[in-house]
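Trainee: I would like to go through this model with you, starting with one chain and then the interface.

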Amino acid sequence: MKFLLFVLKRLLRLVLTVLIISTIIFFVIRVIPGDPALVIAGVDASEEEIDAVRARIGTDVPLGEQYVSWLGDIARFDFGESMISGESVNKLIYERFPLTITLAFMGIILGIVIAIPLGVLSAVKRWSFWDYFGMVFSQIGMAVPSFWLGIILLLLFAVRFPIFPLFGIGSLKHLILPAFSLGFARAAVILRLTRASMVEELSKEYVITARAKGLTETMVKYKHALRNALIPVVTITGIQFGYMLGGAIIIEQVFSLPGLGRLFLYGIYQRDFTLVQGGVIFIAVVFSLVNFLVDVLYSVINPRIRIS
Amino acid sequence: MKRMICLAAVLVLILVPAFVFSGGKQEASEAEAAAPAAAEPTTLNFALPGNPDSLDPHMTSGTLTFQVCKSIYDTLAEPEKGSGKIVPALAESWKVSDDNLSWTFKLRSGVTFHNGDPLTSADVKASFDRLMSEETGTPHFKGFTSVTSIETPDVNTVVFNLSKPNAPFLGTIASGWSAILPKSLLDSGHDFDSKPVGTGPFKLVEWVRDNKVTLTKNENYWMKGLPKVDNIEMHIIPETSVQVQSLIAGQVDIVFIVDADSIPMLEADKDVYIEENLTALILVMAMNCENPTLSDIRVRQAINYAIDKQKILDIAYGGGEPINTFMDKSSAFYNDVEFYTYNPEKARALLKEAGVSSKQEFELFLPQNYALHVTAGEMYQEMLSDVGLNVKIQLVDWSTWLADVYKGHNFDFTVIGHTGKLDPDGTLNGYGGGKYVSWYNDRTTELLKDAAVTIGFEERKALYDEALEIMAKEVPFVYLGSSFRQTGIRKNVEGFVITPKLDTFDFRWTVVK
């Protein structure tokens, strides 16, 4: 019952968020310079031709009217038609979403697999080889831009040692290098946090108590301390996942992947109003859902935190 | 101490592989096995730099759309490969009446659309009706305002009636947007955006957006024996470095535009050759004459004296031929006049005479997604500051450029390339009456208006010569030149044609061995 109420409250908050975000994006994308009709008509078009294009894509009606009719559309879960390509925005997002979400998941899993064991190891064996390795790794990971890493990975593992394809989609192989480029920087952040959090937990009094009552060192470290140390890590990982969706924009460009990021990037370049609006709302909803899941996961990891 | 050792060990661990990777020559890893047997279908892999907005040529002005659509659709007439002369395509011949008010096109017989419909005059009329109507929201109807009616006396004859002589008409008919679509599908509201159906040499198999456009040979194409290649896969690869690497690795066969930095790498590759073509681009730095300082012709002259054209062409655009007026070098209408040769001394003197202070700031707007224009812009800035002008660079995205700079006239200088047109009217129409440079010259306007309704090359050339001379003298631009385009092609591929002026891809003669 309590949980149901919690979900309901979150849902309400989500609707409110979407309403606010949709209003902001609707006006922001129109305030910045640019006009989709100019993009379609090109430099050689006359005023009359540009007006004809405006009438076709529906930017000729007053702003208020456009806004109200668009709100009506999104209330019915319909993002309208792309102004540039004429295709349904829902369909475009639906086609692109699986690739980007797979990439983001692979990236975050790669990040976790690298970061958490290394972070724990760094904390448990402080000032050891592994600790230094972890620190250098995380410094590099945070400093290296993902597009650069992507290009270097391509040059190494697709050109010099042609293990992976240079472009295209169709198999898991196509996603490994991009997922790694995405996950690398995330791993760096998660690693630092895991280490810091684990170090802190190990210095707490309950650890001393646990040791005093004769628990094995493994039990102390990996059952008691680790579980507590992971709480902040889960939050950050959730937020990092949100960043993955943003990072995908650059990575999809480097690896020629037809995902959501590239769809929205070109939408913005071309001032495809309807596509950008739909895209922003979609990302906002995904972001909110991820945060919600993180909150639920919390209570699983730490029963002391009750959902309320 | 122990800590230091550990740190050093880690650094070594990270750095050693880096050295290993950077050293060592790559062995030629030829992915391709032996040449395919004669019967086996051939496939051309082509690197496309971006996703076309739509595959409906009537409704857009996107370059990529026309480049891809060239293989799918045909026009009544087309520029001939090599010469650029407008020659028959879907129309086997045409006649102009003595008063120049009626154009009669005789259609080729036996042409069929990809859906099996035979090409008739009704299809031609339906296509132009769509293209000429303001209601359909096409950005190309202005070129047809002089057309009063289209008649179809029989299945193979189409007559365009004009209200006044229209010299650029044939150029318009031969441009990519004048593609012929089947009437039956136009009537049923078919989605040409994503499912194009034409009479062209190739049919669309599949278009996975932002990934790949797959075309297959049209077995019933009206040019006998063409096209030669069976399938085309256009891989959409936005990163230029990845395009080049894919060419070297043999994963693509043609990269349309190779950037200057990658040329040496490709020259060293024995499996790749580079084809160099003069583009039909008119590369300029435009000056906004709304700015009171720039409305002074002496300042514009000074700026022209300050620019070393060949240097910018060579460094920023990969070479090219300088021009001195607003027409591409390869055009038959190019007027070879020269008024301002590179002379920074003269530039300084003129600026002094005009009283331009080095404190006055000029804004140079560069479209950031065109890397070549950005490099060129930096060179312009340097050459201008060398003669004492204070120029600040502003990078803007393409949409902002279109709205703010081109339409909004919110700039002092901007660097851009005007694309080639089949008729000089397409290039010049509107200049003298403002346009984005806000340059007004009544004589030019008059000449250009006359030239648009004058028939006969010599007569038109005389009019354009005068107009181009005025533009060369008055210099609302720095006319830089027409650049070369370097296309990287693998040795097993021959016969890739770039349509003259329009710069579209023509795969009809392409052979993959």
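Trainee: How many helices and strands does chain B have?

Mentor: This is a predicted model, in which local features need pLDDT of at least 70, side-chain atom pairs count only at pLDDT 80 or more, and totals for chains, interfaces and linings use all residues. Residues are numbered from 1 along each chain as its sequence is written, with chains lettered from A and ligands numbered from 1 in the order in which they are written. Helices (H or I, at least four residues) and strands (E, at least two) are DSSP runs, numbered from the N terminus. Counted that way, chain B has 15 helices and 24 strands.

Trainee: What is the radius of gyration of chain B?

Mentor: It is taken over C-alpha atoms, and the globule rule is 2.2 Å times the number of residues to the power 0.38. For 513 residues the rule gives 24 Å, and the value for chain B is close to that, so the chain is as compact as a globular protein of that length: 26 Å.

Trainee: Which element gives the largest share of the side of chain A that touches chain B?

Mentor: Contact means C-beta atoms, placed from the backbone, within 7 Å; 47 residues of chain A meet 47 residues of chain B on that basis. Elements giving two or more residues to the chain A side include helix H3 (47-57) and helix H10 (217-254). The largest share, six residues, comes from H3(A).

Trainee: How far apart are the C-alpha centres of domain 1 and domain 2 of chain A?

Mentor: The bounds, from an automatic or database domain assignment, are 2-75 for domain 1 and 96-269 for domain 2. Their C-alpha centres lie apart by 35 Å.

How values were computed: Contact = placed C-beta atoms within 7 Å.
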